[in-house]
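Reader: I have a model open and want to learn how to read it. Where do we start?
Author: Let us look at the fold first, then go feature by feature.

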Amino acid sequence: MSLPATGAATLAPRRSSRFVAWVRAWRAGLVPFDEVAEEIAGDEEHLVADAPGTWTDVPLGQALPSLAKLSPDEIRLVLPAPGDPRGLPGPGDFTGAALLAGEAVVAGPLGLIPQVRTHTSGSGMTWETVLWRVYPLPADAPKASPFSPGAAEAEAELAAALAESTAALTRLDVAQWRPELAGALAALRRPDGTTDLPPGFDPRARRLFARAAVLDRVLALAGESAPGGAINNYEAQQRDAALRPLTTACRQALVAACNAPLRP
């Protein structure tokens, strides 16, 4: 049961991480503009609301030119959490929405947050679209986060947190309520070196992103209620306590990888 869980975890990293990585690579001249929107969206439909110079929702490719004057260092990933607003510009609509979403993009004077919208046809079929909502940022918003760790530091923190949390989850007999997690966590100890980052990122950033992107999905699964009420409230509290340091380290690893310096 471990392979499906691990494979599923690899398929869908956070949308903001893909946005930042590919837009930064474009602005560094490392990938052509024509590829960026498709690489960000994949098989999904991505629209943008409130983009500069637009009056209605537009396809992602039509909104990206509003970022054409930015340098790669002005575009960064933010993965905030309650009590951990690192990278956000301060109180305001964007900060509140970013904390609620748990992810955001800071792009010069603009902030972008993805929202997943579910649609149902008359025949009962459902599908999703992703709407990127654009927010103007305060003129005095910081242009870079002074609190983001480098890739080397984030990699070390992630490895330590992974070892600690895996041991804790083993003691909690995680396999009893999420048997697929044991295999997924074990696979993270031997990443295969694949990456979903565009050209320009160094091997350390690629390795860090590959591991953190998989782990991010594993943690999302681990944080859900187990099927059939396999654990009680006390056990759920123990689970959350065991996962909390790993969740924080994973968020910072994704931030460090996607915001890492680019090289030709």
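Reader: How many bridges join E5 to strand E6?
Author: Eleven bridges join E5 to E6 (residues 126-136), and the two run antiparallel. Two strands count as paired if DSSP finds at least two bridges between them. The labels come from DSSP runs, numbered from the N terminus: helices (H or I) need at least four residues, strands (E) at least two.

Reader: What kind of model is this, and how are residues numbered?
Author: This is a predicted model: local features need pLDDT of at least 70, side-chain atom pairs count only at pLDDT 80 or more, and totals for chains, interfaces and linings use all residues. Residues are numbered from 1 along each chain as its sequence is written, and side-chain values use heavy atoms, with hydrogens and water left out.

Reader: How many residues lie between the strands in the hairpin of E5 and E6?
Author: Five residues lie between them, and Gly 124 in this hairpin takes a positive phi near 95 degrees. Now take the hairpin of E4 and E5. It has two residues between the strands, and Gly 108 takes a positive phi near 60 degrees. E4 (residues 104-107) and E5 (residues 110-120) pair in the antiparallel sense over three bridges. Val 106 has Gly 111 in E5 as its bridge partner.

Reader: In what order do the strands of the sheet come?
Author: Read across an open sheet of six strands: E2-E1-E6-E5-E4-E3, with mixed pairing. E2 (58-59) and E3 (75-78) stand at the edges, each with a single partner strand, so one side of each is left without a neighbour in the sheet.

Reader: Is the pairing of E1 with E6 parallel or antiparallel?
Author: Parallel: E1 (residues 45-49) pairs with E6 over five bridges. Ala 49 has Arg 133 in E6 as its bridge partner. E1 and E2 pair in the antiparallel sense over two bridges. There, Leu 47 stands opposite Pro 59 in E2.

Reader: At what angle do H2 and H3 pack?
Author: Start with the method. Axes are lines fitted to C-alpha atoms, for helices over the stretch in contact, and angles run from 0 to 180 degrees between N-to-C directions. H2 (residues 15-27) and H3 (residues 33-41) pack at about 175 degrees, with axes 9 Å apart.

Reader: Which residues of H2 and H3 meet?
Author: Contact means heavy atoms within 4.5 Å. From H2 come Arg 18, Phe 19, Trp 22, Val 23 and Trp 26; from H3 come Phe 33, Val 36, Glu 39 and Ile 40. H2 also lies across E1, E3, E4, E5 and E6, running at about 165 degrees to E3.

Reader: Is Ser 17 buried or exposed?
Author: Ser 17 is buried, with a relative accessible area of 0%. Buried means under 20%, exposed over 50%, partly exposed in between (1.4 Å probe, protein chains only). Ser 17 lies in H2. Not counting residues up to four places away in sequence, Ser 17 touches Leu 77, Phe 209 and Cys 258.

Reader: And which helix holds Leu 60?
Author: Leu 60 lies in H4. Leu 60 is buried too, at 3% relative accessible area. Leaving aside neighbours within four places in sequence, its contacts include Phe 19, Ala 37, Ile 40 and Trp 132.

Reader: Where is confidence lowest and highest?
Author: pLDDT is the predictor's confidence in each residue, from 0 to 100. The lowest mean is 35, in H1 (residues 2-11); the highest is 98, in H4 (residues 60-63). Over residues 1-11 the pLDDT is below 50. The protein averages 82, and 77% of the residues score at least 70. Where pLDDT is low, the predicted coordinates should not be read in detail.
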